[in-house]
Amino acid sequence: MKVIVIGGGASGCFASILIASKGHDVTLIEKNEKLGKKLYITGKGRCNLTNAVTGGEFLKNVVTNQKFIMSSLVRFNSNDTMGYFKELGVPLKIERGNRVFPESDKASDITRAMERRLHTLGVNIMLNTNVESVIVSDGHASGVLLGGNKKLNADAVVVATGGKSYHLTGSTGDGYKFAEETGHRIVEPVPALCAILLNDKDLEKLSGLSLKNVKLVARVKDKIAYETEVGEMLFTGSGVSGPLVLTMSSHINRILPQNLVLSIDFKPALDNFALFQRVNRDIVSLKAKQFSSLLGLLLPQSLIDVFAHRLKINKTKKVSQLSQEERQNLVSLLKNFPLDMKSLDDIDRAVVTSGGVNVKDLKPKSMESKLVSKLYFIGEVIDVDAHTGGFNLQLAFSTASSCASDF
Ligand SMILES: Cc1cc2nc3c(=O)[nH]c(=O)nc-3n(C[C@H](O)[C@H](O)[C@H](O)COP(=O)(O)OP(=O)(O)OC[C@H]3O[C@@H](n4cnc5c(N)ncnc54)[C@H](O)[C@@H]3O)c2cc1C
């Protein structure tokens with residue numbers, strides 16, 4: 001069978017390898033001058049290849065369409081990915097949070113290993129080649145159209161064009177156009193795993209401040225829409241970023257910012273009552289000291305002015321003179337420090353795109369379209385996304401494997 005794979009990223013390279021291993025004639029078309037341009041920058045150049053958890057633990061980290069992706073993850077999980085890359089000659093290591101990296105800390109080792117296998121299998125790689133559209137004849141994918149109206153015929157077409165973020169890597173959302181032109185529904189692509197921009201002018205000067213052991217909470221009409229685990233975040237000047245913020249962004253990207261109330265819990269280990277007791281104990285121990293000293297015990301130095309200002313308490317006020325109400329207000333602000341969200345960061349700076357080809361139009365076992373036979377969609381072009389930690393690349397490999405199982 002003659003198979004065309006559009007896109008030489010993680011999912012396209014992997015699918016090409018697996019399909020060619022079954023003896024099919026595979027042509028891999030990539031618009032860039034080289035394969036895996038995005039792969040090179042993954043994991044800050046170290047490539048967090050997958051996450052060494054499986055089953056329910058893995059699924060908990062899939063944000064969108066968990067049910068759809070389940071069979072794909074059962075077919076090919078993170079153990080399979082690790083096994084496969086070790087077999088391709090890439091030693092791996094597991095770090096904090098079960099994150100898997102090449103032992104060399106070089107993302108290029110992953111791309112090169114796939115490239116070597118593609119060459120060994122005789123996959124025809126066409127670089128610097130942009131696919132303009134997918135050709136469908138009698139409800140069947142029959143080839144692609146390249147620039148200059150050049151047709152390439154095939155018995156099956158796999159769309160592995162990625163999402164819409166970091167467009168300089170080649171992911172410019174072309175797959176959404178191919179899907180729409182061939183009758184598929186698209187879930188509006190929005191940023192995921194990205195920074196959050198704020199309106200708060202008083203927080204701009206906190207740029208560079210990183211917080212540990214805090215929690216982020218998002219509320220819609222006083223109801224918790226999402227709360228993160230306890231972890232780290234940082235102020236960027238224009239807003240907030242860091243692990244907790246990236247995770248939060250993926251869970252609120254379909255809610256209008258004006259309907260959202262975001263807040264930081266600076267003391268997630270203590271409830272309001274326990275924190276009130278702690279504050280009172282601190283006040284006793286500080287005796288005649290000023291309010292700024294109390295804040296200094298509870299917060300990083302750079303937050304003292306912000307808290308004093310928001311609480312409308314002079315920071316030189318003696319702690320012993322703080323009223324019950326002022327103490328309560330301090331506790332409330334520590335537990336619920338509001339951030340005035342402007343928007344999510346631009347999709348181009350998002351680690352992944354949420355949205356894409358509607359999974360209702362795809363067969364979960366093979367990623368084949370339900371509308372056009374022998375047309376497949378794999379990787380980030382599909383409306384499936386996950387947390388950071390190697391989960392998104394695993395989705396690329398798992399969906400590639402499901403697709404290959406159909407050949
Ligand atoms: C900065 C950054 C760091 C990341 N780090 C990690 C990480 O450590 N771990 C992790 O799990 N995930 C990470 N991700 C996410 C992960 O990289 C993606 O989810 C994954 O690469 C998606 O693979 P893909 O094959 O679907 O798409 P892509 O890797 O985006 O590949 C799509 C390919 O298709 C090509 N293409 C597009 N349109 C056409 C066309 N019309 N004709 C020909 N070719 C075309 C593109 O040039 C591109 O090469 C990171 C993302 C970013 C941006």
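## Ligand shell

Helix 13 gives the most to the shell around the ligand, three residues. This is a predicted model, in which local features need pLDDT of at least 70 and side-chain atom pairs count only at pLDDT 80 or more, while totals for chains, interfaces and linings use all residues. Residues are numbered from 1 along each chain as its sequence is written, and side-chain values use heavy atoms, with hydrogens and water left out. Helices (H or I, at least four residues) and strands (E, at least two) are DSSP runs numbered from the N terminus.

Around the ligand there are 35 residues (a heavy atom within 4 Å), and S11, E30, D174, E380 and L393 come nearest. An N or O atom in the side chain of E380 is 2.7 Å from an oxygen atom of the ligand. A nitrogen atom of the ligand lies 2.9 Å from a backbone N or O atom of N48. Taken alone, the ligand exposes 1000 Å² (Shrake-Rupley method, 1.4 Å probe), and the protein buries 95% of that.

## Helix 6

Helix 6 covers residues 107–120. Helix 6 is followed by G122, whose phi is positive, near 75°.

## Cysteines

The whole structure has zero disulfides (cysteine sulfur atoms within 2.5 Å). For C13, the nearest cysteine sulfur is that of C47, 12 Å away. C13 counts as buried because its relative accessibility is 2%.

How values were computed. Expected span 1.5 Å × (residues − 1). Buried < 20%, exposed > 50% of the residue type's maximum accessible area, 1.4 Å probe, protein only. Polar contact = N/O pair within 3.5 Å; in protein donor to acceptor, adjacent residues only side chain to side chain.
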